[in-house]
Amino acid sequence: MDDQQRILIRQLARSWLWRSELPTWLLIVTVYGGWFACVAGWRTLGLFPATLLLIWFTAWYMSLQHELIHGHPTRLAWFNQLLGTLPLAVWYPYGVYRDSHLAHHRNHLLTHPEDDPESYYVTAESWQRFSAWQRRLIHLRNTFWGRLLLAPMMDIIHTLNSALRAFHEGDRRAIAMWSLHLLLLTGLLTWMAAQGFSPLWFVLAVSYPALALTKSTLFSRTPRRG
């Protein structure tokens, strides 16, 4: 950050809009309101339009979680967590994402494969151990279409493996986060089914594409998870 940028930030910080965090509050209302309205009113909208809108709102929710982790709209981490704990995106507990992402930002060796939990790089030693098909898989993942279609699945598998390891090792903190996540997810999908919207359709046709959308430049502020 150069001096001109620092001056601009200080000027913006004095504005009412900056201090009130109004844009973030409006985003929270828009994302939650839009998501629940689409599920509740999907018959009126039609399945295809509702699905497209839900993909957008779900991806937007993951972007919102990123902002909550970085201290918006309040300085109270516990309150921000309340705003991002509902599993609208299915795959990740907020706390797991938060811990991984903050570790990523605390790391001065950004993208280093052994120190940055969000790095897509691998060490030379790991690369040598990989088989030919594993190397091709990594090359494919790093293409545009690979990031959209393959990277979400690899992130999900990595995260679920981490969850299983946490339960196996008796990591109480991680177990608590996953237990709360699964409890809330069960309630959310039960409510969704009561609206006549298939939870399976949501997972396959909404949540996975939404996660893929976060890999695009449009949602580039939402990093790799898991």
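Figure 1. Glutamine 65 has its place in helix α5. The model shown here and in the other views is a predicted one. Glutamine 65 counts as buried because its relative accessibility is 3%, and the limit for buried is under 20%. A polar atom of its side chain lies 2.8 Å from the backbone oxygen of glycine 84.

**Figure 2. The chain as a whole.** The chain has 13 helices and zero strands. Reading along the sequence gives the pattern α-α-α-α-α-α-α-α-α-α-α-α-α. Of the 226 residues in the chain, 41% are buried. Contacts between residues at least 6 apart in sequence can also be sorted by how far apart the partners are: 66% of them join residues at least 24 apart.

**Figure 3. Helix α3 beside helix α6.** Helix α3 covers residues 22-40 and helix α6 covers residues 77-84. Their axes come within 11 Å and cross at roughly 25 degrees. The two helices are therefore roughly parallel, since angles under 35 degrees count as such.

Figure 4. Threonine 74 is found in the loop between α5, which spans residues 47-69, and α6. Is threonine 74 buried or exposed? It counts as buried, because its relative accessibility is 15% and buried means under 20%. Leaving out residues up to four places away in sequence, threonine 74 touches Trp25, Phe79 and Asn80. The side chain of threonine 74 reaches the backbone nitrogen of leucine 76 at 3.1 Å. Threonine 24 is 50 residues away from threonine 74 along the chain, yet their C-alpha atoms are separated by 9.7 Å.

**Figure 5. A cis peptide bond at proline 73.** Proline 73 lies in the loop between α5 and α6, and threonine 74 is found in that loop too. The peptide bond that runs from histidine 72 to proline 73 is cis. Its omega angle is near 0 degrees.

**Figure 6. Two loop residues with positive phi.** Glutamate 21 is found in the loop between α2, residues 16-20, and α3. Its phi is near 60 degrees, a positive value in a residue other than glycine. With 14% relative accessibility, glutamate 21 counts as buried. Valine 90 lies in the loop between α6 and α7, the latter being residues 94-106. Valine 90 is not a glycine either, but has a positive phi of about 80 degrees. Its relative accessible area is 9%, so valine 90 is buried.

**Figure 7. Aromatic rings in pairs.** A pair of aromatic rings is described by two values, the distance between the centres and the angle between the planes. The structure holds twelve aromatic pairs. One of them is formed by tryptophan 127 and phenylalanine 130, with 6.3 Å from centre to centre and 75 degrees between the planes. This pair is edge-to-face because its angle is over 60 degrees. Tryptophan 127 counts as partly exposed, at 23% relative accessibility. Phenylalanine 130 is also partly exposed, with a relative accessible area of 23%. Elsewhere, ring pairs link Tyr32, Trp35, Phe36, Tyr61, Trp191 and Phe202 into a cluster.

**Figure 8. Proline 209 within a helix.** Proline 209 lies in helix α13, which covers residues 199-213. Its relative accessible area is 27%, so proline 209 is partly exposed. With neighbours within four places in sequence set aside, proline 209 is in contact with Ile55 and Leu204. The C-alpha atoms of proline 209 and leucine 52 are separated by 9.5 Å. Along the chain, these two residues are 157 residues apart.

Notes: Residues are numbered from 1 along each chain as its sequence is written. This is a predicted model: local features need pLDDT of at least 70, side-chain atom pairs count only at pLDDT 80 or more; totals for chains, interfaces and linings use all residues. Side-chain values use heavy atoms; hydrogens and water are left out. Rings of Phe, Tyr and Trp (its six-membered ring) pair if their centres lie within 6.5 Å; planes under 30 degrees apart count as stacked, over 60 as edge-to-face and the rest as tilted. Buried means under 20% relative accessible area, exposed over 50%, partly exposed in between (1.4 Å probe, protein chains only). Axes are lines fitted to C-alpha atoms, for helices over the stretch in contact, and angles run from 0 to 180 degrees between N-to-C directions. Helices (H or I, at least four residues) and strands (E, at least two) are DSSP runs, numbered from the N terminus. Angles under 35 degrees count as roughly parallel, over 145 as roughly antiparallel, 65 to 115 as roughly perpendicular and the rest as oblique. Contact means heavy atoms within 4.5 Å. A polar contact is a pair of N or O atoms within 3.5 Å; within protein, one must be able to donate a hydrogen and the other to accept it, and residues adjacent in sequence count only if both atoms are side-chain atoms.
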